[in-house]
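Here is a short report on one chain. Please keep the structure open while reading.

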Amino acid sequence: SGRQRRELTEEEKAAQAKYEEDLKVFREDPSTMDKWADVRKKFNDAGISIHELKWTAGDSDEQLGYTCEVAKVLGAGGFTIEGSEEAFKRYGTIAERHGVYAIFHNHGQYANMTVEEIQVWLDYSPANMLEFDMGHYFGFGYDNSTKLTINQFIDRFHDRIFNIHIKDKTSLYNEHASNQNQVWGQGETPLREMLQHVRDNYPHIHCDIELEYRIPAWSDSIKETANCVRFAREALI
């Protein structure tokens, strides 16, 4: 936006410091986990299980440790963050200490990487896992990097893929709309083939709908998510 950030007043700094101190005390209180357990119960009572936590309390080792403990209370296998070499080096070791996974999401990271380079990142810790965004992987292109199709990528890393983000996109090489989100079934991503491949070979891998295409004015996110669920069910029957 070009706007400069305003300096906080002394009063605002004091209020921020008090908030952070109160939050630290709250998190260090063992009874805080009971509140997270209540959150899990609400989801479970609604028939929803939580398999990963997309949240961190902060970036310090202490805050990440707290995040890991929250994930366990919620019943999640771990917490998810964006992948980079530094993240794979650091977060996995912290997650490993707490008995959960650090689950790394991708945008265009693998567009310029080889399979061997991805494996190096994973090898920094046995707790490192992939949140494989197959749409981004397809849309950013893999012909000049891993050279693996979506299903071949899953075959290669199936034991390190915790979950898959599902979406439909055009390919990097589409001359009219390169790497663009589409209504499911209207893009070029091999959604049906991927879903069936996971069904037949890797049923332990979670497949998560990620609604990213533009929602029509006459619809809403709930209706469009239902359409995605319908598409997936039809592909799997």
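## V198 and its surroundings

V198 touches I154, I164, P203, I205 and C207, leaving aside residues up to four places away in sequence. The model is a predicted one. V198 sits in helix 8, which covers residues 191-201. Its relative accessibility is 4%, under the 20% limit, so V198 counts as buried.

V198 and E175 are 23 residues apart in sequence. In space, their C-alpha atoms are 30 Å apart.

## The chain as a whole

The chain has 237 residues, and 41% of them count as buried. It holds nine helices and seven strands. The C-alpha trace spans about 55 × 45 × 40 Å along its principal axes.

The accessible surface comes to about 13600 Å². Carbon and sulfur atoms account for 51% of that surface. The chain carries 27 positive and 40 negative charges. The mean positions of these two sets are 4 Å apart. For contacts between residues at least 6 apart in sequence, 68% join residues at least 24 apart.

## Strand 4 and its two partners

Which strands pair with strand 4 over four bridges, and in what sense? Strand 3 is one of them, and the pairing is parallel, over four bridges. Strand 7, residues 206-209, also runs parallel to strand 4, and four bridges join the two.

On one side, N163 of strand 4 is the bridge partner of E131. In strand 7, N163 stands opposite H206. Strand 4 covers residues 161-166, and six of its six residues are buried. In a regular strand, side chains alternate between the two faces of the sheet.

## Strands 1 and 2

Strand 1 and strand 2 pair in the parallel sense. Five bridges hold this pairing on record in the model. F79 stands opposite A102 of strand 2. Strand 1 is mostly covered, with four of its five residues buried.

## Helix 4

Helix 4 runs over residues 85-98.

Which residues of helix 4 are buried? They are A87, F88, Y91, G92, I94 and A95. These buried residues pack against two helices by name: helix 3 (61-74) and helix 5 (115-122). They also pack against strand 1 (78-82), strand 2 (101-105) and strand 3 (128-133). After helix 4 comes G99, whose phi is positive, near 75 degrees.

## Positive phi outside glycine

K147 is not a glycine, yet its phi is positive, about 65 degrees. This residue lies in the loop between helix 6 (134-140) and helix 7 (150-157). Is K147 buried or exposed? Its relative accessibility is 57%, so K147 counts as exposed. The cut-off for that class is over 50%.

N179 also has a positive phi without being a glycine, at about 55 degrees. Its loop lies between strand 5 (168-169) and strand 6 (181-182). Is N179 buried or exposed? N179 is buried, with a relative accessible area of 17%. That value falls under the 20% limit for buried residues.

T149 is placed in the loop between helix 6 and helix 7. K147 lies in the loop between these helices too. At 31% relative accessibility, T149 counts as partly exposed.

What does T149 touch, not counting residues up to four places away in sequence? The residues are Y137 and Y142. T149 and L195 are 46 residues apart along the chain. Their C-alpha atoms are separated by 14 Å.

Technical notes: Residues numbered from 1 in each chain as written. Predicted model: local features only at pLDDT ≥ 70, side-chain atom pairs only at ≥ 80, totals over all residues. Heavy atoms only, no water. Expected span 1.5 Å × (residues − 1). Buried < 20%, exposed > 50% of the residue type's maximum accessible area, 1.4 Å probe, protein only. Contact = heavy atoms within 4.5 Å. Areas by Shrake-Rupley, 256 points an atom, 1.4 Å probe, with all protein chains shown as cover. Lys, Arg positive; Asp, Glu negative; His and termini not counted. Charge placed at Lys NZ, Arg CZ, Asp CG, Glu CD. Pairing = 2+ DSSP bridges.
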